[in-house]
Amino acid sequence: MKKILLWKSVFIVVVVVICILAVTGIPNGLGWSAWKQSIVSRVHLGLDLQGGTHLILQVHADDAVRAETSQAMQRLRSDLTSHGIAFAALVQPDPQGQPQRLQLTGLDERHAGDFNNLVQTDLGSDYTVTHAGNGAYTMDLNSAAAAQIRSRALTQSIETISNRIDALGVTQPTVQAHGLGAYQILVQLPGITDSARVKEVMQETAQLQFRLGMAGPFPSAAAARAQYGGILPEDSVILPGKNIGGASNSTSGEWYVVSRSSPVSGSDLRDAQPGVDQSGRIDVNFTLTTAAGRRFGNFTAAHINQPLAVVLDNKVQEYATIQQRIDDQGQITGSFSQQQANDLALILRSGALPASISYIDDESVGPSLGADSIREGVLAALVGFLLVAGFMLVYYHGAGINAVVALVLNLVILMAFMAVTNATLTLPGIAGIILTIGMAVDANVLIFERIREEMRHGKSVPASVDIGFRQAFITILDTHVTTIVSAVFLFLFGTGPIKGFAVTLIAGLLANLFTAVYISRVIFDYVLMRQQGVRGAKLSIG
């Protein structure tokens, strides 16, 4: 008996020591300020306690549908041309209102069969083809495929934004589907009160392309179009650019005619890092994947001495002549500051957003409000703890000490769990801690009353303790398990602070089972062991 109790005591001491170290860590000094700093650095505070930025983003998912149909249109146009099938126009008739629709006119009906075969090859079964007569066809992306593209755009946006925020070094961010609106994202950034830079980095689309330059710069889009008599060449487009190297004196910017297609894009990047070129200008160096490097090498080798346009978000960033074959490495130069180059490299590494986003809610939580919340929450928990401890000591006398010890260890184990798992402590989380204290007291009261009841029935003290713990255990287990299950659902379906409440409640209840049942029993057994052989052994339990 003594040996078993000794091993149980050693186990409890080891657990408690590990938990204390998990909460305090190893401070850089012996003073209270060093200990306090060490504890604060290990317990992550949520947005409502630390202050920070709360954002709700709207993903314009139709952009992804529009991009999908645009790419399909490019594939179909290219194949129709290569197969010698004449047509008047292939366009998106209403890109904003009906992004899922393509329209072809002027098809020679003798090639209707070949056209249908190409549609099946290029567009597949996701499109419904309608023949309107006189060589006109409409091709509509079906609703199921469009919904899948929109859903994928939301998922990819969350992943991309998460990558960008992680690269900025924001700790404990929340980036998830908002759930209260279609294609909305909830972003919470604890500790970030000046959100301007983070918002700029998140919102940047960063669609990087390398297109063949055809002419430019021009002082206006009209001037660029006039260069070709008002009709642009097939597979070309006019894009704005910045005044690269002072090539244009226009105050309204400059314009370039470039190819629509690009041999590689931002998704082909393997890495991007800020750097400095031979002239001392800050640039961004990029590396392509192996497959993309081969494509880019073949492309540049076939167009030596022709212009290459580096296009970022449909804006010509650089326009230079291809001097030699370029394989998997290159540079983007421009009038970058160091921070702009760092941000551009970060955005390119994290990938492009599949659709544009806008902010529909932007709130900043001041750190003073968080400090007030912490102070009031801690004060409430402390007052509640002292009142409960006082009641237990008055009502249950010596056994009340047992309950107080269990409560203290419960809090230590709970905070250790928060520190080790990097869980975030929120204001509702403090409420979860207070609720845990209440349920811990309930467990102790249940056990103590069972023991007192058995003692009133004339049972011996050891027998009363044994029966009291065994009978109370099932009830305690039942109440704790049902509450934990409820908290698990809160964690799975809740957001932000609700998750914080669920985490502290689950951890606190698990700790409570250990302290109220296991540690309390060991303390009672230790007290009884010291009274072995003493006639009329008593237990101070009120």
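The second largest pocket in this predicted model has a volume of about 820 Å³. Here a pocket is an open set of points on a 1 Å grid over the protein atoms alone, where a 1.4 Å probe fits, with protein on both sides within 12 Å along at least five of seven lines. The volume is the space filled by probe spheres set on the points. Of its 19 lining residues (those with an atom within 4 Å of a point), Ile 39, Ile 374, Val 378, Met 415 and Leu 425 are the closest to the centre.

Who builds the lining? Helices α2 (32-42), α11 (367-396), α12 (398-420) and α13 (427-456) each supply at least two residues, and α11 gives the most, with 6. Helices are DSSP runs (H or I, at least four residues), numbered from the N terminus. By class, the lining has 17 nonpolar, 1 polar and 1 charged residues; Ala, Val, Leu, Ile, Met, Phe, Trp, Tyr, Cys and Pro count as nonpolar, Asp, Glu, Lys and Arg as charged, and the others as polar.

Now for two helix pairs, with axes fitted to C-alpha atoms over the stretch in contact and angles running from 0 to 180 degrees between N-to-C directions.

| Helix pair | Axes come within | Crossing angle |
|---|---|---|
| α1 (2-24) and α2 | 7 Å | roughly 90 degrees |
| α14 (461-493) and α15 (497-530) | 9 Å | roughly 170 degrees |

So α1 and α2 are roughly perpendicular (65 to 115 degrees). Their contact (heavy atoms within 4.5 Å) joins Leu 21, Ala 22, Val 23 and Thr 24 of α1 to Trp 35, Ser 38, Ile 39 and Arg 42 of α2. α14 and α15 are therefore roughly antiparallel (over 145 degrees), and their contact residues divide into 26 nonpolar, 4 polar and 3 charged.

There are also 14 aromatic pairs, meaning Phe, Tyr or Trp (six-membered) rings with centres within 6.5 Å. The rings of Phe 391 and Tyr 395 have centres 5.4 Å apart and planes at 10 degrees, so this pair is stacked (planes under 30 degrees apart). Both lie in α11, 4 residues apart, about one turn of the helix.

Residues are numbered from 1 along each chain as its sequence is written. Local features need pLDDT of at least 70 and side-chain atom pairs 80 or more, while totals for chains, interfaces and linings use all residues, and side-chain values use heavy atoms, leaving out hydrogens and water.

How values were computed. Angles under 35 degrees count as roughly parallel, over 145 as roughly antiparallel, 65 to 115 as roughly perpendicular and the rest as oblique. Rings of Phe, Tyr and Trp (its six-membered ring) pair if their centres lie within 6.5 Å; planes under 30 degrees apart count as stacked, over 60 as edge-to-face and the rest as tilted.
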